[in-house]
Amino acid sequence: MKELADKSIIVTGAGSGIGEAAAVLAAERGAQVTLADIDDDAGQSVLDRIHRDGGTAQFVHVDISITEHVQNMVAAATSAYGKLDGAFNNAGLPAWGQRPGNTSTPFADLTPEMLQGTLDVNVVGTFLCIKHQIEAMLRTGGGSIVNTSSDAGILAIASAGDYVTSKHAVIGLTKSAALDYATQGIRVNALLPGITLTPMMAKSFDKNPELRSWADKMQPIGRVAQPAEVAEAALWLLSDRASFVTGSSLVVDGGFSMV
Ligand SMILES: NC(=O)c1ccc[n+]([C@@H]2O[C@H](COP(=O)([O-])OP(=O)(O)OC[C@H]3O[C@@H](n4cnc5c(N)ncnc54)[C@H](O)[C@@H]3O)[C@@H](O)[C@H]2O)c1
């Protein structure tokens, strides 16, 4: 029996990086996966890959910061697969200053609009996902929710005040939801990746090769993570093997946060 057999699992940000790795691994382990992403081409290409490998999945276009989109995503999962057992709320934006076309932004150069844009996706979007997933899980027998925070959820990183604030808030969302539903069969945990070689990171490394050697050295393990190494931890939290784990912040960072 495959570990996630017959579990209906949503993965947001499934079109790229950590979300893509999690969606592919979840399907390989028997889950019925609802892939959600704002980027249709990326989501469709991951869906095609899963179908080619014989997995069960569907793709839903979602902007997680829009209530109706999130409601549609949850409804798509429950109507296609009859229930919702798990959700990996992983979609997120990098710091304003790290997005294409922008320049690095120290704290006092951030505008309220820059801060709000990041919070709308990373915090309000994650909140909407958790809220509507809990509603579905209460109806269909409980489940497990994993929210992607970051080492930046417990540490500051330079010139990324909007991102650091948003990722700290994801831990607050996680603990609050975990506490309120602990007796109702719903576990909620946060995942805190260190520097991971996703397409977003690869672009930054291409632009600035020194950043790559800095990133390798910064993580005591001596290298950056592969997306699948982070996805493994999410899948464990989603599985029944993590049945006594709730409200936790699981660091997957090669030791970055211990020094
Ligand atoms: N890569 C890292 O080093 C690293 C480290 C710590 C935390 N994280 C976090 O991990 C998560 C995934 O990061 P990644 O590196 O795989 O990024 P990525 O950019 O490769 O993938 C993110 C995906 O989210 C989607 N997305 C963005 N905004 C969305 C929205 N509003 N609605 C729906 N989908 C949306 C994008 O289209 C993309 O497919 C993010 O929350 C990120 O903050 C990444």
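Predicted model: local features only at pLDDT ≥ 70, side-chain atom pairs only at ≥ 80, totals over all residues.
View 1. The backbone of isoleucine 38 places a polar atom 3.3 Å from a nitrogen atom of the ligand. At valine 62, a backbone N or O atom likewise lies 3.3 Å from a ligand nitrogen atom. The side chain of aspartate 37 contributes an N or O atom that is 2.6 Å from an oxygen atom of the ligand. The ligand taken alone exposes 840 Å², of which the protein buries 91%.

**View 2. The shell of residues around the ligand.** Three helices, α1 (17-28), α5 (161-181) and α6 (199-207), supply at least two shell residues each. Helix α6 provides the largest share, namely three residues.

**View 3. The open sheet of seven strands.** The strands follow the order β3-β2-β1-β4-β5-β6-β7, and their pairing is parallel. Strands β3 (56-61) and β7 (249-252) form the edges, each pairing on one side only. On average, neighbouring strands of the sheet are turned by 20 degrees against each other, with direction ignored. In general, the strands of a sheet pair through backbone hydrogen bonds, in either a parallel or an antiparallel arrangement.

View 4. Helix α1 lies across β1, β2 (32-37), β4 and β6 (186-193), and α1 runs at about 165 degrees to β2.

**View 5. Backbone at aspartate 6 and serine 159, two residues with positive phi.** Most residues other than glycine have a negative phi. Aspartate 6, a residue other than glycine, has a positive phi near 65 degrees. Aspartate 6 belongs to the segment before β1. For serine 159, phi is near 55 degrees, again a positive value in a residue that is not glycine. Serine 159 is located in the loop between β5 (143-148) and α5.

Definitions and conventions. Residues numbered from 1 in each chain as written. Heavy atoms only, no water. Near = heavy atom within 4 Å. Polar contact = N/O pair within 3.5 Å; in protein donor to acceptor, adjacent residues only side chain to side chain. Areas by Shrake-Rupley, 256 points an atom, 1.4 Å probe, with all protein chains shown as cover. Helix = DSSP H or I, 4+ residues; strand = E, 2+ residues; numbered from the N terminus. Pairing = 2+ DSSP bridges. Axes fitted to C-alpha atoms, helices over the stretch in contact; angles between N-to-C directions. Contact = heavy atoms within 4.5 Å.
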